[in-house]
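The sequence and the structure come before the discussion.

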Amino acid sequence: MTSKKELSERDICTKYITPALEKAGWNLQTQIREEVSFTDGRIYVKGNLSSRGKRKRADYILYYKANIPIAIIEAKDNKHTVRAGIQQGLGYAEILDIPSVYSSNGDGFFEHDRTRTEGQIEKELTLDQFPTPDELWQRYKKYKGIATQEQERISSQAYFFDGSGRSPRYYQQIAINRSVEAIAKGQNRILLTMATGTGKTYTAFQIIHRLWKSGTKKRILFLADRNALIDQTKRGDFRHFKDKMTVIKKKQIDKSYEIYLALYQGLTNYDEDKDAYREFSRNFFDLIVIDECHRGSAAEDSAWREILSYFKTATHIGLTATPKETETISSTEYFGDPIYTYSLKQGINDGFLAPYKVLRVGLNVDLEGWRPEQGKTDKQGALVEDRIYNRKDFDKNLVIDERTETVARKVTEYLKKTHRFDKTIIFCVDIDHAQRMRAAIANANSDLMAENSKFVMQITGDNDEGKREIDNFINPEEKYPVIATTSKLMTTGIDAQTCKLIVLDSNIGSMTEFKQIIGRGTRINEEFGKTFFTIMDFRNVTDLFADPDFDGDPVKVKVMDEDDEFDSPENEMDDEPITEEDGEEVIFEPPQTPPPIIDGGGIDTEPREKYYVNGVNVAVLNERFQYMDGNGKLITGSLKDYTRQQVLEQYQSLDDFLNRWNNADKKKVIIEELTEQGIVLENFVEAINKEMDIFDLICHAAFDRPPLTRAERAKAVKKRDYFTKYGEQARKVLEALLDKYADEGIENIEEMKVLQLKPINEFGSPLEIIKLFGGKVQYQKAITELEHEIYKVG
């Protein structure tokens, strides 16, 4: 009979932990979830490919009812103590907002009570002493400050389920639960901060539905400032309200509905006597949800603030990706501090948002400035004012044709090296700039324009043809348009979830705008191959990454020299890891610079003087790489120094590293550990231009050993006639595996699936190949010996 010490962790769960939970009254079907993965695993980008890191996974999460988690259990096998999992459990409980934490090895439970601030917060329990659902619900209520029966009734209102199996992600669940609980306790001003692409609309729907179903809020207004947001909300998550919901259009008011969607512009005429919202009584709405409230809804003089003031007896929930804090506008002043924040950095870390790399392109006229020679005239014959012009002037006060053409050429070069049909948005200074950029892109891609004239489209506020193409641009299944030239991004808008390249050729000084622009690329769509995106920066806008207010650092920054060519994907420097919303959108906004578009949709006809010149030498200067460390911060020193520091923290000597490397069953495990620290092999290979593997990277960077290429290592193994002890066919298999190592690296030959790949599969099926060695154990032993031979050299 197998002893308890020999049982696996899973066996301990099945034989001891789950029965103990059921005995305590927990329902296996509705209250107990095992092996709950609550993140998707961070995306690591390598060239034009990507892979997922490990998901965070709890062994057990216990629920009072669906989506209201009240306890977490970390299980260990019986070789561990009963306390062994408590720290891991506490880490997960803090992320998941859960008050009761347990560790178990099958002998009993070790409990940590996060509601206690004094006395015994940790204690050991027998298997028969695990608390009942009601006991842990009482503790949860204490943790949340739920004091009355009415607060409990509202807080425990069921979520909406549509039968599709969709359920909220952990951070949406926290935002929903905290909002409902806060309202149950009487809080009337609530702010939720969630990064673009993390599902604010779905979160809002669940909050509204729970409050509506419980009867807490009977008439609800959802406010937005873009038609696209309203249309998307109605067609998307809010469709489940069916005939209880209406969209207020053309200021037509019908008071027979319960859920109202509206543009704030659709409720106000900026005239106190005519404002449509005044047709409602002041206490008509119980709840108002303000989407993207950073757009000025909290400003004293904004139309939204007027509406909020009129309906001041209602509960107000503000949703934003970027809380606005300036001298004149403050989201927190109106709503109070956010009750929950889920940042871009957290989203990338969890694998729900796409990481990005930054390619910085410095043009000579931008970095050095441009001064017209004496008597220089523009294309209209006007004398150009004699002064030094810089990137703040270009395309706003002065247009250099060659500069526009250079930007278009560099964008085209990049797409040719990656994929010419990757959806791309180019942000320009104003409408005039977007028009000229469209023409420059068209000229640089004349072959594709000949196939379809909508390859590049100007999509700006004044251009009806372009605006009609927005839906096609954002539709992953529509090939055209591929490139959109638009003016300065002012806010969120249409959800371009397959956008892979964002080009910044506009001077963006606002952190709020910058975060919204980054949000254009953060959606993940794995079905269409979108797992990361690139930001190409011509205006040093990405300096804002260094701002303490920005929480999602770039995975790579690269500055181009004049004649630099773009690396092809297979050779491109990799992203380092950083340490999806239902309805978040890209907006193609009219610019503030001339010809500015007025709120009412007209164009200001008074142009600012702008010079248009040509015949200027425009070139690209300097090149510099910057990398990210494992904590998501830019490495300011050399990559070699950073690698040395990180390795020496883990391995005190070369012998320590060699022992760990040689004794590892799979080298892939060590490689994954190093990647999580920010040591990405491909970055280093690019930096020293030598095709080595991670073993030599470590030995070279940390211990000053000369690096050998994989080809050099493979050649040394062949010279030693190591294969002679094997039969002819087995020897040929090992030689083919050695060649694959030289081409692709050690991880690939460690996996059994390599036997299905060319040229190894030419020796037979995996089973037939293994038989050449005498069986699976002998085959694996041969691979281990081959690895030892490979790493003997050096």
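A crossing of two helices is called left-handed if the near helix is turned anticlockwise from the far one by less than a right angle, and right-handed if it is turned clockwise. In this predicted model, the crossing of helix 23 and helix 24 is right-handed. The axes of helix 23, which spans residues 710-719, and of helix 24 come within 8 Å and cross at roughly 160°, and that makes helix 23 roughly antiparallel to helix 24. On the side of helix 23 the contacts involve Arg710, Ala711, Arg713, Ala714, Val717 and Lys718, which meet Leu738, Asp739, Tyr741, Ala742, Asp743 and Glu744 in helix 24.

The structure holds 44 aromatic pairs, and two of them are set out below with their geometry.

| Aromatic pair | Centre to centre | Angle between the planes | Arrangement |
|---|---|---|---|
| Phenylalanine 205 and phenylalanine 241 | 5.2 Å | 65° | edge-to-face |
| Tyrosine 741 and tyrosine 791 | 6.4 Å | 80° | edge-to-face |

Tyrosine 741, which is among the residues of helix 24 that meet helix 23, lies in helix 24 (residues 728-744), while tyrosine 791 lies in the segment after helix 27 (776-790), so the pair ties together parts that are 50 residues apart in sequence. Both tyrosine 741 and tyrosine 791 are buried.

Phenylalanine 205 and phenylalanine 241 are both buried.

Finally, threonine 126 is found in strand 8, which covers residues 122-126, and threonine 126 is partly exposed, with a relative accessible area of 39%. When its neighbours within four places in sequence are left aside, threonine 126 is in contact with Gly108 and Phe109, and the C-alpha atoms of threonine 126 and serine 104, 22 residues apart along the chain, are separated by 9.9 Å.

Technical notes
Residues are numbered from 1 along each chain as its sequence is written. This is a predicted model: local features need pLDDT of at least 70, side-chain atom pairs count only at pLDDT 80 or more; totals for chains, interfaces and linings use all residues. Side-chain values use heavy atoms; hydrogens and water are left out. Rings of Phe, Tyr and Trp (its six-membered ring) pair if their centres lie within 6.5 Å; planes under 30 degrees apart count as stacked, over 60 as edge-to-face and the rest as tilted. Buried means under 20% relative accessible area, exposed over 50%, partly exposed in between (1.4 Å probe, protein chains only). Helices (H or I, at least four residues) and strands (E, at least two) are DSSP runs, numbered from the N terminus. Axes are lines fitted to C-alpha atoms, for helices over the stretch in contact, and angles run from 0 to 180 degrees between N-to-C directions. Angles under 35 degrees count as roughly parallel, over 145 as roughly antiparallel, 65 to 115 as roughly perpendicular and the rest as oblique. Contact means heavy atoms within 4.5 Å.
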